[in-house]
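These are my notebook entries on a structure that I am opening for the first time.

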Amino acid sequence: MDTPDSSNDDTACIRTQVEQSGQREHAVPMYLTSSFTFNDSEQARALFADEEEGNIYSRFTNPNVEEFEEKICALEELPEGLGTASGMAAVFTTFAALLGTGDEVLSSRYIFGSTHKLFTQVFPKWGISHTYGDLNNLEEWDDLVTDDTKLVYVETPSNPTVDLIDLEWMGEFCDRHDLIYIVDNCFASPALQKPARYGADLVIHSATKYIDGQGRGVGGVVVGTEEYMEPIQSFARHSGPALSPFNAWMFSKSLETLDVRMKKHSDSALAIARHLEERDDVKIVRYPFLESHPQYDLAQKQMSGGGGVLSFAVEGGIERGADFLDALEMCSLTANLGDSRTIATHPASTTHSKLSEEERRGIGILPGLVRVSVGLEAPEDIAADLDQALERSA
Ligand SMILES: Cc1ncc(COP(=O)(O)O)c(C=O)c1O
């Protein structure tokens, strides 16, 4: 791998690259191969015995995947990485590699729905339990730790209410109780937030979101310290959640523009959040860098930009929320976020419809809450579409 002689994130993202082949290509080729040939039987033996480094089979290693992993390692300031077929494959592989029967996970309550399903429906089959801690009540977290607690899992900012977790507080908490500290950093992306600076042992991403940034491919990645990545990489080698070289190539190229994209997502989302706050027909606007966000100071401390996701509540409950979405003309209605195209979602009637209204309120999802993943279009065009939809659905 050619790595730049610089610790700068942008340089690492742009210049880390698989060595040039004999063709003198500028962009890295795609290594669309299942396996790699051995020069002779002795090399085959040495590679399998870990006496020589090199590619054997694309379920374990592939140059495109390795390049992508190295870039995320540089961005997240952690030494080892594993690209996976989806964000959920990264989450599952991490837990499956590190947990065993009798272990308990301590997690924040505000987590992605499929992660919640793993905790409640999959892991209990193997005798792995979980406890949820309330973000607004950090004093109670010490009492939630038991002799079986092995790791802490948090997402910040959370989906869809963009609540934050104090990463530094959580790092000290994990140190105090000797727990593995895992952060899903998907909403902020490594351009805006670096959990390892606050002690995170492992950081997970759905690359499907801002890392790709253009809604083209599904993938994931986990990066961390050698101590925890070694069992994760070994589990992955034998269980097979491998990232495809094609998607790795695409994500790796996308990382070259991550920093500029995240700056524009953040600037536009802040401008739109401020605009929505001025409207009388919008009840609550939540965005980490909005002065009215209850954790504004924390956002300023641990994030270098507010990210692309904001949420707001319209008057009129579930029906008005759904009508608002139907009235949008430019923004897309689709089950994703972190795209260059603005996406609007109504959690109460879609992503969180399986929860009761009481359960939804418990995690801050009001009936009229709308989540917007602010894209890279001109912010005034996005605001104009939201305005006209608010007016037409009133
Ligand atoms: C915070 C978060 N984590 C993990 C995932 C799962 O990622 P994927 O859809 O790539 O499996 C998502 C997907 O929306 C997410 O929002």
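How many bridges join strand β2 (residues 104–108) to strand β3 (residues 129–133), and do the two run parallel or antiparallel? I found 5 bridges between β2 and β3, and the two strands run parallel; strands pair if DSSP finds at least two bridges between them. Helices (H or I, at least four residues) and strands (E, at least two) are DSSP runs, numbered from the N terminus.

**Ground rules.** I note that this is a predicted model, in which local features need pLDDT of at least 70 and side-chain atom pairs count only at pLDDT 80 or more, while totals for chains, interfaces and linings use all residues. Residues are numbered from 1 along each chain as its sequence is written.

**Whole chain.** I counted 14 helices and 11 strands in the protein chain. The C-alpha atoms fill a box of roughly 75 × 55 × 35 Å along the principal axes. Of the 394 residues, 47% count as buried, where buried stands for 20 or more other C-beta atoms within 10 Å of a residue's own, exposed for 12 or fewer, and partly exposed for what lies in between, with C-beta atoms placed from the backbone. Among contacts with a separation of 6 or more, 73% come from residues 24 or more positions apart; a contact has the C-beta atoms, placed from the backbone, within 7 Å.

**Strands.** With helix α5 (residues 113–122), β2 and β3 make a right-handed β-α-β unit, right-handed being the case where, with the strands pointing away from the viewer, the path from the first strand over the helix to the second runs clockwise. Next I looked at β1 (residues 80–84), where 4 of the 5 residues are buried. β1 runs antiparallel to β7 (residues 220–224), to which 5 bridges join it, and G83 has V221 in β7 as its bridge partner.

Why do I call helix α9 (residues 245–255) largely enclosed by the rest of the structure? I do so because 9 of its 11 residues are buried, including W249, M250 and F251. The buried residues of α9 pack against α1 (9–15), α3 (63–76), β1 and α10. In α10 (residues 258–277) I picked out L276, which is buried because 24 other C-beta atoms lie within 10 Å. L276 touches V282, V285, F312 and L386, residues up to four places away in sequence not being counted. From L276 to K263 I read 20 Å, C-alpha to C-alpha, for 13 residues along the sequence.

**Ligand.** I listed 13 residues around the ligand, the closest being S86, G87, M88, S206 and T208; a residue counts as near if its C-beta atom, placed from the backbone, lies within 6 Å. This shell has 5 nonpolar, 6 polar and 2 charged residues, with Ala, Val, Leu, Ile, Met, Phe, Trp, Tyr, Cys and Pro as nonpolar, Asp, Glu, Lys and Arg as charged, and the others, Gly among them, as polar.

Most residues other than glycine have a negative phi, and most peptide bonds are trans. Against that background I noted two cis peptide bonds: T156 to P157, with omega about -5 degrees, and N159 to P160, with omega about 0 degrees. P157 lies in the loop between β4 (149–155) and α7 (167–177), and P160 also has its place between β4 and α7. E77, not a glycine, has a positive phi of about 60 degrees; it sits in the loop between α3 and β1 and is partly exposed, with 16 other C-beta atoms within 10 Å. D178, in the loop between α7 and β5 (180–184), has a positive phi of about 55 degrees and counts as exposed, with 9 C-beta neighbours inside 10 Å.

Methods
Contact = placed C-beta atoms within 7 Å.
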